[in-house]
Amino acid sequence: MWNPFKKNKPGDTDPQKMGMLQRIAMKKLEKMSSQEREKMMQDAFKPENKDKMLKAMDAMRASRQITEEQYNQAKQRLGL
């Protein structure tokens with residue numbers, strides 16, 4: 001039975017299991033051209049945004065939403 005309060009697992013890209021805003025964002029990303037997508041990624045990885053991401057990841061690690069291993073892997077992928 002469908003439970004509206006059930007949380008999705010991280011990395012779950014099945015549209016039936018995504019929330020409404022996640023589906024909208026995914027559709028928008030799929031419709032973007034490669035140049036637009038590249039520009040968006042460059043904007044996301046500006047130094048001031050990297051600091052915000054680090055603070056958010058630190059908070060997630062402190063509240064045990066992510067493990068130490070996931071935290072280190074994310075930092076490695078971001079190049080920090």
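Predicted model: local features only at pLDDT ≥ 70, side-chain atom pairs only at ≥ 80, totals over all residues.

Author: Two elements each give two or more residues to the patch: helix H1, spanning 20–31, and helix H2, spanning 34–44. Phe45 sits in the loop between H2 and helix H3, the latter covering 47–62. With a relative accessibility of 32%, Phe45 counts as partly exposed; patch residues need over 30% relative accessible area and no salt bridge, so Phe45 passes the accessibility cut-off.

Charged residues come next. Side chains of opposite charge can pair when their charged atoms come close. Lys39, Asp43 and Lys46 are linked in a network of salt bridges. In one of its pairs, the side chains of Asp43 and Lys39 meet with N to O at 3.8 Å. These two residues are four apart in helix H2, so about one helical turn separates them. Asp43 also forms a salt bridge with Lys46, where the closest N and O atoms are 3.8 Å apart. As for accessibility, Asp43 is partly exposed at 32% relative accessible area, Lys39 is exposed at 54%, and Lys46 is partly exposed at 37%.

Another salt bridge joins the side chains of Glu68 and Arg61, at 3.2 Å from N to O. Glu68 is partly exposed, with 43% relative accessible area, and Arg61 is partly exposed as well, at 31%. The count of salt bridges comes to four.

Now for the chain as the setting of the patch. The chain has four helices and zero strands, giving the pattern α-α-α-α along the sequence. Of its 80 residues, 8% are buried. The chain exposes about 7500 Å², and carbon and sulfur atoms supply 55% of that area. Among contacts between residues at least 6 apart in sequence, 16% join residues at least 24 apart.

The mean pLDDT of the chain is 81, and 81% of its residues reach 70 or more. Among the elements, H1 has the lowest mean pLDDT, 85, while H3 has the highest, 87. To return to your question, H1 is also one of the elements that give two or more residues to the nonpolar patch.

Note on methods: Residues numbered from 1 in each chain as written. Heavy atoms only, no water. Buried < 20%, exposed > 50% of the residue type's maximum accessible area, 1.4 Å probe, protein only. pLDDT = per-residue confidence, 0-100. Contact = heavy atoms within 4.5 Å. Areas by Shrake-Rupley, 256 points an atom, 1.4 Å probe, with all protein chains shown as cover.
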